[in-house]
Amino acid sequence: MKIAIRMLSIATIILWLVILFFSVTAVYSVMNLGVNLGEVEMLPSSSGITFSLPFSIDNNGYYEIADLNLTTRVTDLNESLIDQTQTFVQSIPQDTTVNATHTIPIDLDSIMALDYMP
């Protein structure tokens, strides 16, 4: 019985060391992540206005970033959804920079049709 308890103790210590190592390297990786936002551009479109936000993510950490999703929601004063836009970045490998643009189309007809009466 003493051998089994001793082996479980060793396995538990090893497991905690692995968890601690992963946690420290994950925090270090997040601290070395660079996010740069560009200047927002407002472009006219056939149905309204499109806002364009260029951004870049510089991954200098130890791990790959996968399935990054940037979502914006445009609502009115009553919290009714006008538009929801998503930009999806499949993968950002270690020691690389990914440039992307998040676009938010706003339909002016739907904004003009909103009822703001209480």
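**A buried histidine**

Mentor: Start with His102, which counts as buried because its relative accessibility is 1%; buried means under 20% relative accessible area, with a 1.4 Å probe and protein chains only. This is a predicted model, where local features need pLDDT of at least 70 and side-chain atom pairs count only at pLDDT 80 or more, while totals for chains, interfaces and linings use all residues. Residues are numbered from 1 along each chain as its sequence is written, and side-chain values use heavy atoms, with hydrogens and water left out.

Trainee: OK. Which strand is His102 found in?

Mentor: His102 sits in β6. Strands (E, at least two residues) and helices (H or I, at least four) are DSSP runs, numbered from the N terminus.

Trainee: What does the His102 side chain join by a polar contact?

Mentor: The side chain of Thr87, at 2.3 Å. A polar contact is a pair of N or O atoms within 3.5 Å; within protein, one must be able to donate a hydrogen and the other to accept it, and residues adjacent in sequence count only if both atoms are side-chain atoms.

Trainee: And what else is His102 in contact with?

Mentor: Leaving aside neighbours within four places in sequence, the list includes Phe51, Phe55, Leu70 and Thr85. Contact means heavy atoms within 4.5 Å.

Trainee: Switching topic. Which residues form the largest nonpolar core?

Mentor: Phe55, Ile57, Val89, Ile92, Val98 and Ala100, so 6 residues. Such a core is a set of buried Ala, Val, Leu, Ile, Met, Phe, Trp, Tyr and Cys residues joined through side-chain atoms within 4.5 Å. At least two residues of this core come from each of β3 (48-59), β5 (81-92) and β6 (96-107).

Trainee: What does Val89 touch?

Mentor: Asp67, Leu68, Val98 and Ala100, not counting residues up to four places away in sequence. Val89 is also the bridge partner of Leu68.

Trainee: How many bridges join β4 to β5?

Mentor: There are 10, and β4 (residues 65-75) runs antiparallel to β5. Two strands pair if DSSP finds at least two bridges between them. Their hairpin has 5 residues between the strands, and Glu79 there takes a positive phi near 65°.

Trainee: Last one, the whole chain. How many helices and strands are there?

Mentor: It has 2 helices and 6 strands, in the order α-β-β-β-β-β-β-α. The C-alpha atoms fill a box of roughly 75 × 40 × 20 Å along the principal axes. Buried residues make up 19% of the 118 residues.

Notes
Buried < 20%, exposed > 50% of the residue type's maximum accessible area, 1.4 Å probe, protein only.
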